[in-house]
Amino acid sequence: MKKLRLNRKHLCIPYSVFLLCFVVAPLLVIIFYAFTNGEGKFSIDNLVGFFTSPNTIGTLFYSLCIAIVTTIVCLLIAYPIAYILARSKIKYKSTVVLIFVIPMWINFTLRITALKEILTIIEGNLAFHPFLNTIIGMTYDFLPFMILPMYTTLLKLDNSLLEAASDLGASPVKTFIKVSLPLSLPGIISGIVMVFLPSMTNYVVLDMLYNSTYIMGSLIGSYFSAYDWHNGSMIALILLIIILVFTLFTNKYEEDDHTGRGGVKI
Amino acid sequence: MSQSNENKIIELNNISKIFEDGFSAVSNFNLSIQKGEFVTFLGPSGCGKTTTLRMIAGFELPSEGQILLDGKDISKLPPNKRPINTVFQRYALFPHLNVFENIAFGLKLKKLPKEEINKRVKKALEIVDLEDFEKRKIQTLSGGQQQRIAIARAIVNEPEILLLDEPLGALDLKMRKEMQIELKNMHERLGITFIYVTHDQEEALTMSDKIVVMSEGKIQQIGTPEDIYNEPKNAFVADFIGESNVFGGVMTDKLKVRFCGYDFECLDDVEKGTMIDAVVRPEDIIITTPEDGMIQGEVISVIFKGVHYEITIISGKNEIVVQSTKKTEIGTKVGLIIEPDGIHVMLAENTINRIETAIDRHYKLEFLDGKLNCDLTKVIQGAGFNEEGTLIDAHGDEIDTDKLKVIVSIKPEDITMSDNEETGIICGHIISLIYKGDHYSYVVRTDEDIDIVVDDEYLWNMDDYVSLVIKEESIQYSIKK
C-alpha cells in the first residue's frame, strides 16, 4: 500500500476548492442564466435584447460617460495632490496622506449621507442636477483610490533622474513632461483602473443621492430585484467582458511596474 | 594638454554653502580651473566635495560667493542653462527610455535635426565602446555598461565641463581600474575639462592633473598628484593620501629635526625651535640591524600585502609602519634608517586651541555659558571694577564690553577625554583622529559647533561622544586686538 505523503503540491488543495466554489461555480451559474430563458432552454434572446433595446444601450453609454468623467475629474484633482505630497519636503508627510485616506475608513453610508446634506443645502433640490451630483458623489468616494497608487509611484521617483533631465537642458516643464509624467504612468493607470471600473457599477451612491440616473449597476439591481435572473446575468456578463478587455489593455502599460496595481500603501 | 596657458574656464570665488538646517558644508572655497584640465576633489565622505560639484552643476545655490564660467557669473543660473553636464553617482539613466533615447535626450531638447542626432549618438557610443547598443533597454545593461551610457549621455552634448560624481563607486575593483584608464584616455581625446569627485586617493592620484584635497568643507591642499603625495601641507593630507607615519617633533637646528628621540637630518628649512609634524612614508624607512639603525625598535606585527610586507615596529612610545619586501619575524629587534629626503616636515597646526568669545552683561565669557572663571581685570591691562561693579579702564572710564572679544587658549595636551558626561565641562563628538607616533590627535566638535584639538594617548573611536576635562589653571585668556 502506498503511503499517503503530504508534499507541497497538496497545499494548493484548499485554495482550489475555494476557487471552485466561489469563483468558477458562480461564474458558470451566471453564464448558464445569461444564455437560458424563463423555461430553462438555451437562448440568446437576452444578448440580442441587450443590444437592441435603446434603454439598455443608453444606460451602457451613460455609465461609460459617468465613469470617464469621474476618472478624469479624479485624475485632475489627485495628480497634483499626489505630486505635491510625494515630492515636497514637508515634515509630516504621512500624516497629510493619512488625512486624504481617512474618509476611506469612515462608513460609506455615513459619508454619502453627509455629502447629500451638504449638496441639498447648496442646491436646494438634488433632482435638478442629477449628472453633476453623480460625478460629485463618485469623485468624493473614489478620490483616495486615485491618490494612493499615484502617491506611491511618485514617492519612488528618483530625484537624481529629475536632476539629470535638468542637467541635460530640460526646463522644469520639459522635465515634468519627459520624465516625471512617463515614470508615474504605472501609478496613473492603477488609479484609473481602481476608479473607472467601480464608477460604472456603484449605483448605491446614486440611490443615496436620490438620483433617478441609471447606470449599469442599477440596471442589474433592478432586474435582480424583479427576479429576472436571466437578463441580470447577461448584463453582468457583458460588464465582465468590458472589464476584461479594459484590464488587458491597461496591463500592456504596466509590464515594467513591479509594484503591480495592488501597490497601495501609505 | 594645455596646462600652462592662463585659459581659466571656471572660477570659484569665496564659495560657501550653509544648508537650511545650519550645516556648513563648504566654506571659503577658492579655486580656478583651466580649460582641458582633469581636476579631482578628494576627501572623506562629508567633506563637501559633492556639494561643491553640485554647486558647479547648479543643483545647489551657493550661500555666498561667485561661480564664474568663462568670466561670466553663473551662480544663480538653473542647471539647464549651464553648458555643463554631469555623470551621476548612481548613473541616473532614464528607465523608461532605451539607450539611444537616453543619449539623445539632451540633443532632442536642443531640437537638432534627426540625422545630426543619429550621427552624434553613434559617435558617443563609439567613444564609450558600446556600438550597436542603441535599442537595448537600460535594465538589461550591467553596471559598467550603464556607467558608460551615463558618460555617453553627458559627453554627447559637448559640454564645456564634465562633472563626474564618484562615477566608479558602484563598480567592482577590476572594472574600476579599467574605467579609470578609459576615462583618462577619453579626457585626453575629447579635450573637455573634467571635474571628478572621489574619496579614493589612489583613483585621484592615477587620473588627475590637479587634486583638491578637502576636509570639513575646506580646501586642505591643491596640487599635482606628485605634490600632494610628496609634499603634503598638513597632517590631514599626509594621513589621507597614502600610508604615512606622522610624528610630532621639533626643529633642533638648521635642517635638523628631532622626533622619536633622534635628531634626523632633513631637507626642509624650518626655523629652529618650531613645533612640527614630520611625515615619513612607510616605503622610505629602511630596516637594518639595531647597531646600524638611527633608532631601535621591536617588530610587533607583519602583514603580507602582495608586493611587500607591512611591518609595524614599536620604538619607545612610537608605533612606526614600514613597508619592506623582506620578511621579518615578530619580536625581532631592529634598527631603522630614514634618509633626509624621506622626511617631510610640516608646520604643526592647531597646536593651541583658540576660541573667540564675547563677554556678557555680567562680565562672564559667553563660551561655556559663563562657566569659566575669567578675571577680566587681569586680561585687560589697567582695568578694574568701580564701586558700582562696572568695569573701568585705567582712566576710570567704563569699558564697552560689547566690542571686546576674549580669546580663550587651551593647549591640546591640557585636555583629557572622558566618556562620563558629568566629569567634563564641555561635550562633543570626535570628528577626526590622526595617530602621531606616541599619541593620538583628535578633533572634537562640541555641541556648540566649536572644534577643539585634543591630544590623548588612548584610542577613541570616530563619532564617540566624549566629555572634555580642562584644567582651569592651564587656560590662558587674552583680548582680541
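Colleague: Where do Arg120(B) and Glu116(B) lie?

Modeller: Both are in helix 3 of chain B, residues 114-127. They sit four residues apart, about one turn of the helix. Arg120(B) makes a salt bridge to Glu116(B), with the closest N and O atoms 3.4 Å apart. Keep in mind that this is a predicted model.

Colleague: How many salt bridges are there over all chains?

Modeller: The count comes to 19 by the rule used. One salt bridge is counted between chain B and chain A.

Colleague: Which residues form that one?

Modeller: Glu163(A) and Arg54(B). Their closest N and O atoms are 2.6 Å apart.

Colleague: And why would those side chains pair at all?

Modeller: Side chains of opposite charge can pair when their charged atoms come close.

Colleague: Back to the two chains. How many residues does each put into the contact?

Modeller: Chain B contributes 22 residues and chain A contributes 17. The buried area between them is about 1700 Å². Carbon and sulfur atoms give 61% of that area.

Colleague: How many polar contacts go across?

Modeller: Five residue pairs are found in polar contact across the interface of chain B and chain A, counting pairs with both residues at pLDDT 80 or more. On the chain B side, helix 1 (49-57), strand 6 (84-87) and helix 2 (99-109) each supply at least two of the residues that touch chain A.

Colleague: Which element of chain B gives the most there?

Modeller: Helix 2 of chain B, with four residues. By class, the side of chain B that touches chain A has eleven nonpolar, six polar and five charged residues.

Colleague: Different topic. How is chain B divided into domains?

Modeller: Domain 1 covers 8-230, domain 2 covers 242-347 and domain 3 covers 353-479. The centres of domain 2 and domain 3 of chain B, taken over C-alpha atoms, are 35 Å apart.

Colleague: How many residues of domain 2 and domain 3 of chain B are in contact?

Modeller: Seven from domain 2 of chain B and four from domain 3 of chain B. About 540 Å² is buried between these two domains, and carbon and sulfur atoms give 46% of it. On the domain 2 side, Val246(B), Lys317(B) and Glu319(B) lose the most area to domain 3, together 66% of what that side buries.

Colleague: How many salt bridges or polar contacts between those two domains?

Modeller: Zero salt bridges between domain 2 and domain 3 of chain B.

Colleague: Which strands of chain B supply the domain 2 side?

Modeller: Strand 11 (245-253) and strand 18 (318-324) of chain B each supply at least two residues of the side that touches domain 3. Strand 11 of chain B gives the most, with three residues. That side of domain 2 of chain B has two nonpolar, two polar and three charged residues.

Colleague: Now chain A. What is its secondary structure?

Modeller: Chain A has eleven helices and zero strands. Its C-alpha atoms fill a box of roughly 75 × 70 × 35 Å along the principal axes.

Colleague: What are the confidence numbers for chain A?

Modeller: The average pLDDT of chain A is 84, and 92% of the residues score at least 70.

Colleague: Last one. What does the model score for ipTM and pTM?

Modeller: ipTM is 0.73 and pTM is 0.71.

Technical notes:
Residues numbered from 1 in each chain as written. Chains lettered and ligands numbered in written order. Heavy atoms only, no water. Contact = heavy atoms within 4.5 Å. Buried area = accessible area lost by both parts, 1.4 Å probe. Salt bridge = Lys/Arg side-chain N within 4 Å of Asp/Glu carboxyl O. Polar contact = N/O pair within 3.5 Å; in protein donor to acceptor, adjacent residues only side chain to side chain. Nonpolar A, V, L, I, M, F, W, Y, C, P; charged D, E, K, R; others polar. Domains from an automatic or database assignment. pLDDT = per-residue confidence, 0-100.
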